[in-house]
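Visitor: I'm new to this one. Can you walk me through the structure?

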Amino acid sequence: MTNKIQLSNHGFVDDVSILIAQAKQRTAIAVNNELTLLYWHVGQRISQEVLAGERADYGKQVVSTLSKSLTAQFGRG
């Protein structure tokens, strides 16, 4: 006696495959949305806290310093 399940209906396998692909796509969209919000909030905080809402020549240095600190804490990416 065997414990193998025979999937005779290829439509069933196709349907499950589609469900998985759709879930992966929704996950990617959700992650992209969250990353966009994250980047916007980080930019807003830099503008408010560091630059006091104004442009500054040292802005590139601020981003570089912040980048080094965050990379040390969270790693690259």
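**A first look**

Guide: The protein chain has two helices and zero strands. Both are DSSP runs numbered from the N terminus: helices are H or I of at least four residues, strands E of at least two. This is a predicted model, where local features need pLDDT of at least 70, side-chain atom pairs count only at pLDDT 80 or more, and totals for chains, interfaces and linings use all residues. Residues are numbered from 1 along each chain as its sequence is written, and side-chain values use heavy atoms, without hydrogens and water.

Visitor: What span does helix 1 reach?

Guide: Helix 1 covers residues 10–50, 41 residues in total. From first C-alpha to last it reaches 59 Å, close to the 60 Å expected at 1.5 Å a residue. That expected span is 1.5 Å times one less than the number of residues.

Visitor: And what follows helix 1?

Guide: Ala-52, with a positive phi near 50°.

Visitor: New topic. How many of the residues are buried?

Guide: 5% of the 77 residues. Buried means under 20% relative accessible area, with a 1.4 Å probe and protein chains only.

Visitor: Which residues are closest to the centre of the largest pocket?

Guide: Leu-38, Tyr-39, Leu-70, Phe-74 and Gly-77, out of 13 lining residues. Helix 2 (59–74) is one of the elements giving two or more residues to that lining. Helix 2 has the largest share, six residues.

How values were computed. Buried means under 20% relative accessible area, exposed over 50%, partly exposed in between (1.4 Å probe, protein chains only). On a 1 Å grid over the protein atoms alone, a cavity is a set of points where a 1.4 Å probe fits but cannot get out, and a pocket is an open set with protein on both sides within 12 Å along at least five of seven lines; lining residues have an atom within 4 Å of a point.
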